[in-house]
Amino acid sequence: MNPDDRHYTQSHEWVKIDGEVGTIGITDHAQKELGEIVYLELPETGHVFNANEEFGTVESVKAVSELYTPISGEVVEVNKGAIAEPGIVNDDPFGDGWLLRIKLSTDQEVSTLMSAEQYAEYVRTEEK
Amino acid sequence: MKFLPVSDSDRTAMLQAIGVARVEDLFRSLPREVLGSPDLRPPMSEIEIRRSFGELSRRTAGARDTAFFLGAGLYHHYVSAIADQMLYRSEWLTSYTPYQPEVSQGTLQSIFEFQTHIGLLTGLDVANASLYEGASALVEALLMAERLSRGRRRAVLSAGIHPEYRETVRTYFANLDLEIAEVPVGPDGATEAQALAAAVDDRTFAVALQSPNFYGLVEDWKSASAAASGRGAQSIAVVAEAASLALLAPPGEAGIDIACGEAQSLGVPMNNGGPLLGFLACRTAHQRQIPGRLVGETRDAEGRRAFCLTLSTREQHIRREKATSNICTNQGLMALAANVHMSLLGRRGLREVALQSHAKAEYLKERIAGVPGYRIPYGGPTFNEFVVEGPEDARSLLSRLAARGILGGVPLSRYEDGSPRRFVTAVTEMNTKEEMDRLVAALGEAA
Amino acid sequence: MSLEIEERKGEASLGDRLHPEPRHEPLIFERSGAGKVGYSLPPLDVPERLAIPKDRTRADIPGETEVTEVEVARHFTRLSRLNFSIDQGLYPLGSCTMKHNPRTNEEVARLPGFAASHPLAPEEVCQGTLELAWRLEQALIELTGLARVTLQPSAGAQGELAGILMVRAALAKTGNPRRTVLIPDSAHGTNPASAHFAGYKVRELKSNARGTLDLDVLQQAMTEEVAALMLTVPNTLGIFEDRIRDIAEIVHAKGGFLYCDGANFNSFVGVAKPGLMGIDVMHMNLHKTFSTPHGGGGPGSGPVAVVERLVPFLPRPTVERRADGRFALDFDRPDSIGRLRTFLGNYGMFVRALAYIAAYGNRIGDVARGAVLNANYIRAGLQRDYHLKYDAPTLHEIVFSDKRQGERGVHAIDIAKRLMDCGFHPPTIYFPLIVPGALMIEPTETEGKVGLDAFIAAMRSIARECEDDPEIVLRAPHTTPVRRVDEVAAARNLVLRWRPPV
């Protein structure tokens with residue numbers, strides 16, 4: 001189930017806001033679709049992104065997917081553990097499989113994202 | 001027809017199972033207007049094919065029936081009997097791309113070994129499973145460098161690179177909005193290090209240099225790595241005569257980022273120009289950007305060592321228009337031939353072939369320099385190929401030699417203006433002293 | 001036919017019959033030993049010399065092999081026995097056309113005039129090789145009904161690029177190269193990749209419910225910014241676009257070109273002509289339709305046939321027959337797109353393909369008729385056991401899906417692995433993308449009824465196993481030299497070569 005404490009995008013990323021910082025990852029649906037993840041390409045800290053910009057890629061044996069940031073801001077932390085052991089994104093996509101943390105440059109963007117329920121509905125219609 | 005194993009009674013039974021009366025009914029979806037039988041001759045038997053093709057073969061002179069000194073990117077080297085005959089084994093010849101690793105461990109392991117040989121010879125970490133041939137390998141190396149450069153659009157190429165390779169790059173680049181800057185060779189036929197360095201700017205993603213170059217001269221890999229390093233560009237070493245890798249300093253040890261080119265000299269017959277064997281090798285840091293197929297080592301479900309294709313997600317069948325290349329087929333059979341050959345010759349044999357090629361070329365060079373009317377215009381060190389300047393038009397000279405059973409070289413006028421009396425001559429371990437003396441004598445008579 | 005091969009007492013498993021020796025073969029580098037020699041060269045007959053500065057030479061190649069000829073012979077023979085191959089049995093890979101590789105081809109390709117010749121020798125001593133290339137071009141012109149053929153591209157993908165580059169050059173010459181290429185969603189990945197490398201954007205066209213091109217969708221999409229439509233004919237489902245001439249009309253009406261991916265030419269070679277379909281440019285695969293060997297993944301050869309309008313743009317050089325009957329290379333082609341590679345192309349494959357065409361001659365239509373009969377026989381045999389998403393008439397290949405078996409948790413990959421236990425190479429899986437869980441089967445014309453029946457029986461048996469004992473399918477293969485290979489581990493921890501011990 002998609003946790004309630006965060007927001008979601010149509011490209012299957014989630015963002016969890018704690019004060020000024022948003023933690024970003026991919027959803028359980030995304031990791032299932034990709035299959036076993038073999039490689040993550042993530043940016044360096046200090047990099048600044050606008051919302052919806054591509055910030056990296058996630059690669060499995062059968063597919064490569066671009067990753068898009070739901071929010072604008074500066075990268076303050078990257079999950080080095082996930083880079084070293086990409087399988088953790090499959091095992092715990094909402095927890096230890098987080099990808100990076102961004103310091104929000106604005107708090108106006110979050111309201112444009114989907115709630116857990118809206119995301120679940122979106123996935124249902126996408127699968128038809 | 002001997003390749004069609006369905007008998008008349010089989011066909012009847014099959015049509016019945018399908019539920020149609022005739023085979024023609026299965027072509028209903030083709031509109032009448034598109035149907036058409038070809039106007040070809042009746043079928044030929046194997047005996048007739050042998051006769052007909054034998055006749056064509058006899059009307060082309062080759063290395064087995066002439067004193068042969070042609071190079072220019074395609075070389076007549078020793079190919080061991082076992083390297084050729086191993087290709088007759090069905091399991092090598094008639095198998096497919098190893099997409100199902102459980103039934104293709106032979107092919108996969110052989111490619112892994114090939115990747116290792118290329119790594120050892122180039123001094124670089126990672127090589128792919130082969131590319132079509134040298135010119136398109138250079139294109140792939142350049143495109144790889146472009147991907148690594150994040151937005152740069154300009155490549156610097158030494159004009160000492162084989163003209164057909166440069167022409168191929170121009171064909172590909174014309175439609176990709178990429179710029180080529182060619183650095184002319186110096187008056188001594190070699191690339192000048194400062195000229196190469198001066199050509200690199202902050203829009204440059206690659207610097208490419210060939211050694212031995214098209215004129216046979218041994219270039220210094222460090223001039224390319226120095227020109228590129230620290231300036232955001234990749235240095236690319238191009239090799240058209242791969243036998244040289246056993247004797248010349250390896251590109252990887254000179255700081256080169258990517259090595260590419262033609263490995264035909266390492267166990268693949270000339271085949272009138274194809275199929276050949278392109279190769280590409282790079283550093284571990286860049287391995288995810290390498291184009292073409294890659295074989296990796298892993299385990300099977302019972303813990304045994306096994307091999308499989310890997311990093312396929314970069315390839316066209318998954319990435320489609322975002323692929324690192326559009327390449328699908330590699331040169332599997334030629335890579336096998338090269339693997340067998342390199343394995344057989346190995347550490348000592350590959351080196352001995354290179355030493356013999358070089359020593360014989362030095363002998364010929366010296367003897368030709370002694371023929372009145374002839375000179376060796378470029379004095380720098382060569383591996384096994386060099387430019388000769390004669391007293392008359394090279395094409396007509398070489399035609400006269402050909403009529404006498406000597407294929408003496410490739411005229412430069414095929415590729416450039418301004419040197420009508422020059423030709424490039426290649427020597428390998430396959431040439432005898434007697435043949436070389438014959439060539440020298442024939443040049444002497446012609447003068 | 002019973003599949004419990006590995007359970008029958010006293011009977012060797014298929015794997016054991018194929019490979020009685022130990023299945024692990026060390027790397028050739030692991031067999032190396034100091035001082036061993038595998039070659040012999042004549043003694044040097046000129047003075048020894050090394051006239052290259054020391055700093056540009058190497059003294060040694062550490063780690064390179066030192067083995068004898070015996071070890072090389074054993075190593076590569078043992079490795080070969082770990083491969084499945086056409087000579088052993090059916091290889092029903094869709095769109096790959098794994099037909100028998102005639103041995104005449106290998107023999108004539110090794111004739112000295114072909115194997116040991118060099119294209120840069122003076123033209124007058126290359127007449128045999130030039131004539132052969134010319135004859136192959138003439139034969140392919142006759143088979144396609146188009147105007148001329150370039151033999152230069154090294155493989156299908158390079159042929160696609162050449163074709164689209166010629167289209168681009170032709171359009172550029174009239175002022176506007178245009179921006180887009182249209183490609184159906186059923187196309188092979190090389191199509192959009194090639195269009196991209198030609199500098200075009202790709203627009204994907206959704207196939208209709210029948211699995212073919214929707215002409216309304218095409219009409220909408222076909223504008224004066226579209227350079228070409230790239231179509232595989234028949235498409236990757238094996239379905240022939242029966243409205244191909246209307247499709248050509250729509251494309252031509254807006255000044256575009258119709259490109260045909262000829263990977264499936266085996267289904268109509270000698271029966272129909274692309275030139276009569278309105279196709280302007282088409283690549284062929286000598287290693288598919290024309291029997292040249294697949295060799296573990298190449299070499300290929302991808303000649304491209306073009307209409308008269310595109311002739312000026314052909315890659316350079318072309319092979320010409322002059323008025324006096326002699327053959328020559330023509331480099332003087334100012335509108336040529338240039339070169340895509342060195343020399344003339346994969347010449348050794350020209351020899352093989354021409355020998356193949358000569359063997360069939362005017363009976364070459366039997367190839368297509370045989371291929372289509374065989375594929376339809378398999379369709380009839382399997383359609384009760386496997387789901388067919390698109391049931392339009394098909395030609396030389398048939399695409400089933402794993403939908404029914406998926407209800408029992410078994411997928412295309414598992415079925416593929418289980419087929420290996422039965423002595424067959426699996427079909428192509430997960431392609432085309434428009435059929436989820438696709439099983440793409442192309443038997444070719446060189447399979448006999450006995451082989452086809454055995455394949456059908458094996459597939460039906462697996463379908464039953466999916467119902468009764470899915471575990472045995474999920475854990476397949478059981479009898480191959482290695483069991484299921486961990487491709488995830490290979491990608492997570494890249495080991496791409498052997499290294500000498502430090």
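Which element gives the most to the lining of the largest cavity, and with how many residues?

Modeller: This is a predicted model, in which local features need pLDDT of at least 70 and side-chain atom pairs count only at pLDDT 80 or more, while totals for chains, interfaces and linings use all residues. Residues are numbered from 1 along each chain as its sequence is written, chains are lettered from A and ligands numbered from 1 in the order in which they are written, and side-chain values use heavy atoms, without hydrogens and water.

The element you ask about is S1(C), which gives the most to the lining of the largest cavity, with three residues. A cavity here is a set of points, on a 1 Å grid over the protein atoms alone, where a 1.4 Å probe fits but cannot get out, and its lining residues have an atom within 4 Å of a point. Grid points are joined across faces, edges and corners, and the volume is the space filled by probe spheres set on them. By this rule there are 13 cavities of 30 Å³ or more, and the largest has a volume of about 130 Å³.

Its lining is made up of 13 residues, and those nearest the centre of the cavity are Thr150(C), Leu151(C), Pro317(C), Thr318(C) and Val319(C). At least two lining residues come from each of three elements of chain C, namely helix H5 (127-144), strand S1 (148-150) and strand S8 (318-321); helices (H or I, at least four residues) and strands (E, at least two) are DSSP runs, numbered from the N terminus. Sorted by class, the lining holds eight nonpolar, three polar and two charged residues, where Ala, Val, Leu, Ile, Met, Phe, Trp, Tyr, Cys and Pro count as nonpolar, Asp, Glu, Lys and Arg as charged, and the others, Gly among them, as polar.

Leaving aside neighbours within four places in sequence, Phe290(C) is in contact (heavy atoms within 4.5 Å) with residues including Leu140(C), Leu143(C), Ala353(C) and Tyr356(C).

Terms used
1 Å grid on protein atoms, 1.4 Å probe; cavity = no way out; pocket = protein on both sides within 12 Å on 5 of 7 lines; lining within 4 Å.
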